[in-house]
Amino acid sequence: MVYTVTFNPALDYIVRVRDFRIGETNRTESDELQWGGKGINVSTVLGNLGVESVALGFLAGFTGRALDQGLRNTGVRTDFIWLEEGLTRVNVKIKAEQETEINGAGPAIPAAALEELFARLDRLRSGDVLVLAGSIPASLPSDVYQRILARLADREILTAVDATGALLRAVLPYRPFLIKPNRAELGELFGKTLNSDREIQDCARRLQEEGAQNVLVSMAGDGSLLLDETGAVHRLGVPRGTVRNSVGAGDSMVAGFLAGWLERGDYAWAHRLGTAAGAATAFSQGLAERDRVRELLEAF
């Protein structure tokens, strides 16, 4: 079973506005709600690809109830921990000539709720997959990712971590199965701008030396590069298409990679499926759908 953890889920309120003007009243052309948070995005795309998962994390208030019900209606299994105070955040995504985001802070997570999450993760078994994605709320200890991976060490659980900066680097000694920085994030870890495949490979290899098993680097319109645990380098471009949406493309790539690995146990196939899933989200208004992903696979 695949489990995803989202520490700060959100209702994403997406509005499309023609000629958006700051300081004035703007009228939307369309609007919609999506169930947001990086781990939740992974669970949603996994479900679209036919892979069952359980979404874990913390919810609060009526916004939390709406998110939980919305996910269940789409077929995603949930096992959230409910907080007694606060509200699950609402993020506003403004789609205009440029994309603008206003993200809520989310509720405080008390120590008892975190211990309950640890208890649920202790139930994972050999062969399960755990995805940790996104930032950590200020109310939680900064080493929570390390604490989770330390609890699961030596239990033959595959872990995927999609995080940035010091948060990502701190988990490497626990040998995560997959990490997915983008090119800019990878460069920031080493204090440089990465301009060539050789530079990207060298930095990815250094992360492997620090403990990562597989390093998947997304590069937007330049495609992606995978350095797998055998040392093999896989390089893919992107299929042709019009970018309509940047939200969730990286999460979709993680979901596609894991779905591909679980299907065939082959890194080249996992990379292809991950790249197609990321592109399917980028070329859509929402998250990647199965038929669109399969269509884009034909481009490789």
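**Terms and values**

Mentor: Phe 58 lies in strand β4, residues 53–60; strands here are DSSP runs of E with at least two residues, helices are runs of H or I with at least four, and both are numbered from the N terminus. This is a predicted model, in which local features need pLDDT of at least 70 and side-chain atom pairs count only at pLDDT 80 or more, while totals for chains, interfaces and linings use all residues. Residues are numbered from 1 along each chain as its sequence is written, and side-chain values use heavy atoms, with hydrogens and water left out.

Trainee: Why does Phe 58 count as buried?
Mentor: Buried means under 20% relative accessible area, exposed over 50%, and partly exposed in between, with a 1.4 Å probe and protein chains only. Phe 58 has 2% relative accessibility, so Phe 58 counts as buried.

Trainee: Which residues is Phe 58 in contact with, leaving aside neighbours within four places in sequence?
Mentor: Contact means heavy atoms within 4.5 Å. Among the partners of Phe 58 are Thr 6, Phe 7, Phe 80, Ile 109 and Leu 117.

Trainee: Why is Thr 159 called buried?
Mentor: Thr 159, in strand β10 (residues 158–162), has 7% relative accessibility and therefore counts as buried. Beyond four places in sequence, Thr 159 touches Leu 130, Leu 149, Arg 175, Pro 176, Phe 177 and Leu 178.

Trainee: What makes a set of residues a nonpolar core?
Mentor: The set must consist of buried Ala, Val, Leu, Ile, Met, Phe, Trp, Tyr and Cys residues joined through side-chain atoms within 4.5 Å. The largest one has 47 residues, and Phe 7, Leu 117, Leu 130, Tyr 145 and Ile 148 have the most contacts inside it. Apart from that core lies another, of 36 residues, including Leu 46 and Tyr 267.

Trainee: How do you know that the span of helix α8 is close to the expected one?
Mentor: The expected span is 1.5 Å times one less than the number of residues. Helix α8 (residues 249–264) has 16 residues and reaches 22 Å from its first C-alpha to its last, close to the 22 Å expected.

Trainee: What makes α8 mostly covered?
Mentor: Of its 16 residues, 12 are buried, including Met 253, Phe 257 and Trp 261.

Trainee: How do you know that β2 and β3 pair?
Mentor: Two strands pair if DSSP finds at least two bridges between them. Eight bridges join β2 (residues 10–17) to β3, and the two run antiparallel. One of the bridge pairs is Ile 14 with Glu 32 in β3.
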